[in-house]
Amino acid sequence: MSQPQRRIGIDLGGTKIEGVVLDAENRPLFRQRLATESAQGYDHIIERIALIADACRRAAPECATIGIGTPGAISSRDGTLKNSNTTCLNGRPLYEDLIERLGIPLVLENDANCFALAEAVAGAGRGAALVFGIILGTGVGGGIVYRGELWRGPQHLAGEWGHHAIDPAGPSCYCGQRGCVETLIAGPAVEREYRHLTGVALATAEIVAAYRRGDAAATEVFLRFIDRFGRAVANLVDILDPEAIVLGGGLSNIDELYKLGHAAVARYVFNDELRTPIRRNQLGDSAGVIGAALLV
Ligand SMILES: [Zn+2]
């Protein structure tokens, strides 16, 4: 009898690289982590990935392909990376170099798509035919999963809602536009608004705590954040009408997003009600590496 199908996934993060072997029910059988040591440069990162890949392949030698998740956008033209926060990867042919070094076929995907795939198949979006996975943290990303499959689009652009401009007079974004969703609702945006208003630098979690205590400035900034979240997510719902939205990233821990945030989306959606559930992720930090394995 043939062995049940196992899968290998690797999540390349800015601080750590994690590898996992999943069993046929998508449960982790084997895990390994290494520090990325990105300060030592591109070639060093390739070697760190190879160490993890070798360990996973020893644990699952029958696997003929590896899925790899990475921050940044992957060019559909030549497989190079851009906009990665691990900046030494940008512009480099990561896909080709990894295939050459590892000697095995790969599927390379950005981390927001890996998150969406993991939560849709094995997490909070299970059972929903169309899932939009949202990463809301230091940046804003997203991914679309339809019937268990990632929808990338011919330009590998699907789900990149972080660069919808929702305020042409808003802050300038590295992408060249102004008022992108990312410049208005990512963690640094909330912190910047609070700093402008008060002259005090607080982390997003501290601003949320101050809002809960009734602090006036924090309330102003936080409710504006919730309102913008509503506007941005309502745009998504109008286009995709997903059966579930799953939130990940650091800001997904903010409880108010699931009540006040949902009500704000309902305010802006092109409908007289909002039945779309907005769910907290279930896989936490593991979503990236599980999603990478599910690429295979
Ligand atoms: Zn932008």
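**View 1. C114, a buried cysteine.** The relative accessible area of C114 is 1%, which makes this residue buried (buried is under 20% relative accessible area, exposed is over 50% and partly exposed is in between, using a 1.4 Å probe and protein chains only). This is a predicted model, in which local features need pLDDT of at least 70 and side-chain atom pairs count only at pLDDT 80 or more, while totals for chains, interfaces and linings use all residues. Residues are numbered from 1 along each chain as its sequence is written, and side-chain values use heavy atoms, with hydrogens and water left out. Does C114 sit close to a partner, or too far from one for a bond? Its closest cysteine sulfur belongs to C56 and is 14 Å away, so the two are too far apart for a bond.

**View 2. C63, another cysteine without a disulfide.** As a reminder, a disulfide is a covalent bond between the sulfur atoms of two cysteines. Counting pairs of cysteine sulfur atoms within 2.5 Å as disulfides, the total comes to 0. C63 is in no disulfide, and the nearest cysteine sulfur to it, that of C56, lies 9.0 Å away. C63 is also buried, at a relative accessible area of 7%.

**View 3. Helices α3 and α9 packed together.** Helix α3 covers residues 111–122 and helix α9 covers residues 287–294 (helices are DSSP runs of H or I with at least four residues, strands are runs of E with at least two, and both are numbered from the N terminus). Their axes lie 7 Å apart, at an angle of about 85° (axes are lines fitted to C-alpha atoms, for helices over the stretch in contact, and angles run from 0 to 180 degrees between N-to-C directions). The two helices are therefore roughly perpendicular to each other (65 to 115 degrees; under 35 is roughly parallel, over 145 roughly antiparallel and the rest oblique). On the α3 side you will find C114, F115, L117, A118, E119 and V121, meeting A287, G288, I290, G291, A292 and L294 of α9 (contact means heavy atoms within 4.5 Å). By class, this contact has 9 nonpolar, 2 polar and 1 charged residues (Ala, Val, Leu, Ile, Met, Phe, Trp, Tyr, Cys and Pro are nonpolar, Asp, Glu, Lys and Arg charged, and the others, Gly among them, polar).

View 4. Zooming in on L117, we find a buried residue with a relative accessible area of 3%. Which residues does L117 contact, leaving aside neighbours within four places in sequence? They are V145, G148, L150, G291, L294 and L295. L150 is 33 residues away along the chain, yet the C-alpha atoms of L117 and L150 are separated by 6.2 Å.

**View 5. Helices α6 and α7 crossing.** Helix α6 (residues 204–212) packs with helix α7 (residues 216–240) at an angle of about 115°, and their axes are 8 Å apart. That angle makes α6 roughly perpendicular to α7. Their crossing is left-handed (the near helix is turned anticlockwise from the far one by less than a right angle; clockwise would be right-handed). From α6, the contact uses I207, V208, A210 and Y211, and from α7 it uses A218, T219, F222 and L223. Sorted by class, these residues are 7 nonpolar, 1 polar and no charged.

**View 6. N83 and R147, non-glycine residues with positive phi.** The phi of N83 is about 60°, and this residue lies in the loop between β6 (81–82) and α2 (94–102). N83 is partly exposed, at 44% relative accessibility. For R147, phi is about 50°, and its loop runs between β9 (140–146) and β10 (149–151). Is R147 buried or exposed? R147 is exposed, with a relative accessible area of 61%.

**View 7. I99 in helix α2.** I99 has a relative accessible area of 30%, so this residue counts as partly exposed. Beyond its neighbours within four places in sequence, I99 is in contact with I104 and L106. From I99 to I66, 33 residues apart in sequence, the C-alpha to C-alpha distance is 9.8 Å.

**View 8. D111 in helix α3.** D111 is partly exposed, at 32% relative accessibility. Not counting residues up to four places away in sequence, D111 touches T70, P71 and G72.
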